[in-house]
Amino acid sequence: MSNSDPAKQPQQPINPQKSVQPAQPQQQAQPRVQQPVYQQAGQPAPHQPGYGFAVASLVLGIIGVVFWFLGSPLGVASGTISVICGVLGIVFASVAKKKGFMGGLATAGLVLAIIAVVGGVIAIIACAACVNAGTSMVNGISNGLNSMSH
Amino acid sequence: MLPFVSVLGRTFPMYGIMAATAFVAGLLFVMGRAKRFGNGVNDSIFLYLWIAIGGAVGAKLLYLLTVLPNMIRDIPLVINDFPRFWNLYLTGGFVFYGGVVGGLLGAVMAARYFSLTLVDYIPQMAPAIPLAHAIGRIGCFCAGCCYGIPMRGGIVFHHSIAAPNGVALFPVQLVESAAEFVIFVILVIATNRGTNFQKATTVKTDSIASNRMKGWDYLALYVGLYAPVRFVDEFFRGDVIRGIFGGLSTSQWISLLAMFGVAVYFVLRRQGVLTGRARLARL
């Protein structure tokens, strides 16, 4: 196939010449165009107001999700910690938004916080009106689990 | 009916799963309607989250209020046996009307904090309340809580953690869930019609436009539809431990007050004292 395209072969020595000459202006132009992009992608976040709250939201969201995944070894406590961390993560994400932080960091923190709350709620809330039953609720849960396992 | 499910070796309460499903369904519903009502998706999400947190706190606090004497009696458990105290009072137990009040307070706080005009979000978000509640009631049915009166040919629970097992009961949870779904559909149609009307007309001072439902009217409509349902529904509830005063349950008294309040609201609205956006719109 490459032999069937002789017309391209004479162009090959031309291309390097062309590519050498315009390469210099391109290289000169690159810093002008790319440097601001590089700064926006890497550096501006810490200088934005609310950055710390966004980071706190993300950290709490991660902790909440991790505790939810831990699950069984910690029992109800893991779900409770997930909910608390998730709610705090939502609050911190709200503060970051209020302060004008616009970035994926706060969004990621918010999403993880929501997941932590949802997971925690799934783990800890057994029913809507079981508290009234008091001790019978605790016994009922254990009896229900036992009867299901049998 | 099915209080727990096992997934990958872990046991989850079905009520918790349905509560989480209700939360997510409401969130997706609100996000999906943001553009139609001209509101920002981001603002809608934060507002919804604050409403959800406020609602959960309000529902829990009102419930704890109903069991306050017992909780005060069990305060020593906080030191002696905290897991037991936690199981008794903090893992479950919510009163819906407390959630409505708490959610409203959460909405007001969020609107003030983010400098939003709350009334613009009411038509968008109001149907999410019955949607979430309807799904939550299915969770009640799964857990067996909020159960109905004994009746022949009713639902028989075998593994319930709250309802009496082996007794045929009226499936009041499913009935209320169905009613909530109907209210949800009504609210969606009403709010969509309101939006279409606002898009169709540009004369906002027109008398017809002023009589159209808008803003807070949709929340009043929801309360006006739900309160009678709850009032009747309570006669078929079998869990009487929620408190009976003067022959009516706590929720029935609140329903009566809510119906009275909504009636007053719409009378004032009809007389032109309220406009659906007046005063409260500043929130």
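Me: How far apart are the end C-alpha atoms of helix α6 (residues 96–113) of chain B?

Reply: This is a predicted model, in which local features need pLDDT of at least 70, side-chain atom pairs count only at pLDDT 80 or more, and totals for chains, interfaces and linings use all residues. Residues are numbered from 1 along each chain as its sequence is written. Helices are DSSP runs (H or I, at least four residues), numbered from the N terminus. The expected span is 1.5 Å times one less than the number of residues, so the 18 residues of this helix should span 26 Å, and the end C-alpha atoms agree, being separated by 25 Å.

Me: Which helices of chain B do the buried residues of α6(B) pack against?

Reply: Buried means under 20% relative accessible area, exposed over 50% and partly exposed in between (1.4 Å probe, protein chains only). Among the buried residues of α6(B) are B:F96, B:Y97 and B:V108. The buried residues of this helix pack against α2 (41–66), α8 (128–143), α11 (216–233) and α12 (250–270).

Me: Is A:I115 exposed, partly exposed or buried?

Reply: A:I115 belongs to helix α5 (residues 104–124) of chain A. Its relative accessibility is 36%, so A:I115 counts as partly exposed.

Me: Which residues is B:L49 in contact with, leaving aside its neighbours within four places in sequence?

Reply: B:L49 is one of the residues with the most contacts inside the largest nonpolar core, which has 67 residues. Such a core is a set of buried Ala, Val, Leu, Ile, Met, Phe, Trp, Tyr and Cys residues joined through side-chain atoms within 4.5 Å. With contact meaning heavy atoms within 4.5 Å, the partners of B:L49 are A:I90, A:L110, A:I114 and B:F23.

Conventions. Chains are lettered from A and ligands numbered from 1 in the order in which they are written. Side-chain values use heavy atoms; hydrogens and water are left out. Helices (H or I, at least four residues) and strands (E, at least two) are DSSP runs, numbered from the N terminus.
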